[in-house]
Amino acid sequence: MSFTSLLYGVFLFSVCILYWSSRSRQTRFLLLAIASLLFYASWQPQYIPLLLAMTWVNYSLAKVLVPDTVPGSHAQDWQLSNQEWQFAQTGWNQRRFWILVLGIVLNVLLLFGFKYVPFVLGSVGEIWQIPTATASADWVSDNVIAPLGLSFFCFEAIAYLVDVYRGAPAAKSFTKFAAYKLFFPKLISGPITLYQQLTTQLRNPQFPSIEMFTEGLWLIALGATKKALVADRLGLIVDLSFTHLVRAGSWDLWLATLAYGLQLYLDFSGYVDIVRGSAILLGFNLPENFEDPYFTTSIADFWRRWHMTLGSWLRNYLYFPLGGSRLGLFRTCFNLLMVMLIAGIWHGAAWGFIVWGVYHGLALVVHRLIDSLSKESHTLKAFWRSLPGTILAWIVTQSMVFTAWIFFRLPNLKDSWFAISHLFGKEADPQFTQKIYLDTLGIDRLQFTWVLFALVGVMTLLFLLQRRLNLQLNWPIKLVLSPVSLYLVWLLAPQGALPYIYFDF
């Protein structure tokens, strides 16, 4: 059930009608859970039992982790001395810690078992020349398909368990927890949403006003336009260019890299727009995931505005527990490297994702070192705040981000290194332009270059209008434009929509 399909529109409309027609809170929770399972079943029905089992496991573990849950006779025995009670309480807190570890390990093992076993076996077989390991990796890759949204599911579950361990309230109703955990708009690719962010909204849903209804409809239309009319068309060139690396020239590789960076952003942010719009129609406000990341002037700021919920998760559940920036500059740099290495591994089981993560980690380290030097030098600080310094910082940041996308798009290091090493001085195959550009889009290479620059120009103009001048469309205009946009998507979208890129993660 594609998010840009007519079927999803009918499904969402039906769920909204049933949801707002229900008076009982528990009935609404149950309806959301069932609707979410039906939605997931349209993709991978074989994993419904696993999804329910892991939801139940995390719900049950969290109930035990609640700090006020003190089992044993000492909780009611008033004859115990204060010292004896504190001793018993300390023992229980230690057991709580190991229950948390158990929950984290179960979620990580689930993720590892489905996504990383072939990679580990294949790497071991290749490095140590063990044919059995290589054959096992091939068999697992051919016969086991990872559940959609598994990484997002596990990260949300880990965050929930850690929050409850730290003192946040746990869900008292499994139906309510299932409605949160399986909520169909965010189930497959996020945004990563904490239980505490939705619990109040689940308890007291607010029927959307005409302004909020229009905003939800507008976000759905905007997301569908980004995905179907722009990202998918860019994806056609990207796929053909990176599939035929040997025939592509340096100009083509640069165009494919730029196009992929734009495709990835429009594809994922378009998905999030549809998700947030769908949630608004049901009375929920999901967190934003992007804030114009391609207009940032530092890699640290980029990660504050790209995939924001993942960045927040990495900070709160990895970076800060590792010590953050509290233990000196060297430890800070080490923590940044470790966090981004894990971010790379989270995105996929391939060496290219690891290189991508380390690349971003090194960039964050360099930024931290430059930032540390700038605090000691008034001249350097003044330069980075000047117009030339700002422009240079933007060019360096985005050049690093876009070249790193090559490893993201080509996780096989042989392919990504071939692309990197041929970014300059390589001539294209004489028929490449004809086959890739003219036959696919009906324009030549130069025209496609101008199309990309025009797209960047439109994004820049919208950024200046919305973020700098704070100009927004009012709700009546959005209400008129939304059905027009959806009709254009239905009319002009290319046949055979490409899958969402982040569905693989």
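Tutor: Before we start, a salt bridge here is a side-chain nitrogen of Lys or Arg within 4 Å of a carboxyl oxygen of Asp or Glu.

Student: Okay, what should I know about the numbers and the model?

Tutor: This is a predicted model, where local features need pLDDT of at least 70, side-chain atom pairs count only at pLDDT 80 or more, and totals for chains, interfaces and linings use all residues. Residues are numbered from 1 along each chain as its sequence is written, and side-chain values use heavy atoms, with hydrogens and water left out.

Student: How many salt bridges does a search of the whole structure find?

Tutor: The search turns up 12 salt bridges. Take Asp252 and Arg445, whose side chains meet at 2.8 Å, N to O. Asp252 is in helix 12 and Arg445 in helix 21, so this pair ties together parts 193 residues apart in sequence. Helices are DSSP runs of H or I, at least four residues, numbered from the N terminus.

Student: Is Asp252 buried or exposed?

Tutor: Asp252 counts as buried, because its relative accessibility is 1%. Arg445 is buried too, at 16%. The cut-offs are under 20% relative accessible area for buried, over 50% for exposed and partly exposed in between, using a 1.4 Å probe and protein chains only.

Student: Which residue does Arg304 form a salt bridge with?

Tutor: Asp301, with the closest N and O atoms 3.6 Å apart. Both lie in helix 13 (residues 299-305), three residues apart, about one turn of the helix. Arg304 is partly exposed at 46%, whereas Asp301 is buried at 18%.

Student: What about Lys227?

Tutor: The side chain of Lys227 meets that of Asp232 in a salt bridge of 2.9 Å, N to O. Asp232 and Lys227 are both buried.

Student: Switching topic: how many cavities of 30 Å³ or more are there?

Tutor: There are two. On a 1 Å grid over the protein atoms alone, a cavity is a set of points where a 1.4 Å probe fits but cannot get out; lining residues have an atom within 4 Å of a point. The largest cavity holds about 70 Å³ of space, the volume being the space filled by probe spheres set on the points, which are joined across faces, edges and corners.

Student: Which element gives the most to the lining of the largest cavity?

Tutor: Helix 3, with three residues. The lining includes Tyr40, Leu50, Met54 and Phe153. By class, that lining has 10 nonpolar, one polar and no charged residues. Ala, Val, Leu, Ile, Met, Phe, Trp, Tyr, Cys and Pro count as nonpolar, Asp, Glu, Lys and Arg as charged, and the others, Gly among them, as polar.

Student: And the second largest cavity?

Tutor: Its volume is about 40 Å³, and its lining has five nonpolar, one polar and three charged residues. Glu156, Lys181 and Lys186 are among the lining residues, and those three are linked in a network of salt bridges. Helix 7 gives the largest share of this lining, three residues.

Student: What volume does the largest pocket have?

Tutor: About 1,200 Å³. Of its 37 lining residues, the closest to its centre are Leu222, Lys226, Asp273, Leu462 and Gln466. A pocket is an open set of points with protein on both sides within 12 Å along at least five of seven lines.

Student: Which helix supplies the largest share of that lining?

Tutor: Helix 11, with nine residues.

Technical notes: Helix = DSSP H or I, 4+ residues; strand = E, 2+ residues; numbered from the N terminus.
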